[in-house]
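Please read the numbered points alongside the coordinates.

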Amino acid sequence: MTETNGPLARLRKAFRSLEDLPEVIPAAWSPGDATDPLPVETASVDDIAIAIVAANGELSAAIQRSSALEKLHRLAREAGAVGTDRAVDAALKREGR
């Protein structure tokens, strides 16, 4: 956990938009034990840039999952499914499969 008055805590206080800044970022690209996270306080600008790429990849995957779930829900509802019906079965029925 970050010190109450440490650099990261002070940065979070100075910039309200950084309140959600994580304590650590994945460090799979750094030398050494790939499972050890890298503290943001010691991360370089390049480390942060790589973490942004990784976070954007996670975001993209989450958006794709959400979109697919929304489509399944819509297909099931269009097939007349109600809350307790199986969504995949209803979507397949709608498509005649």
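1. R12 is buried, because its relative accessibility is 16% (buried means under 20% relative accessible area, exposed over 50%, partly exposed in between, with a 1.4 Å probe and protein chains only). Its side chain forms a salt bridge with that of E23, at 3.0 Å from N to O (a side-chain nitrogen of Lys or Arg within 4 Å of a carboxyl oxygen of Asp or Glu). R12 belongs to helix α1 (residues 7-14) and E23 to the loop between α1 and β1, so the pair ties together parts 11 residues apart in sequence. E23, at 27% relative accessibility, is partly exposed.

2. This is a predicted model, in which local features need pLDDT of at least 70 and side-chain atom pairs count only at pLDDT 80 or more, whereas totals for chains, interfaces and linings use all residues. Residues are numbered from 1 along each chain as its sequence is written, and side-chain values use heavy atoms, leaving out hydrogens and water.

3. The salt-bridge count is four. R16 and E19 form one of these, at 2.5 Å from N to O; R16 is exposed at 67% relative accessibility, and E19 is partly exposed at 42%.

4. R74 and E78 also form a salt bridge, their closest N and O atoms being 3.5 Å apart. Both lie in helix α2, four residues apart, about one turn of the helix. Salt bridges with shared partners join R74, E78 and R94 into one network.

Notes:
Helix = DSSP H or I, 4+ residues; strand = E, 2+ residues; numbered from the N terminus.
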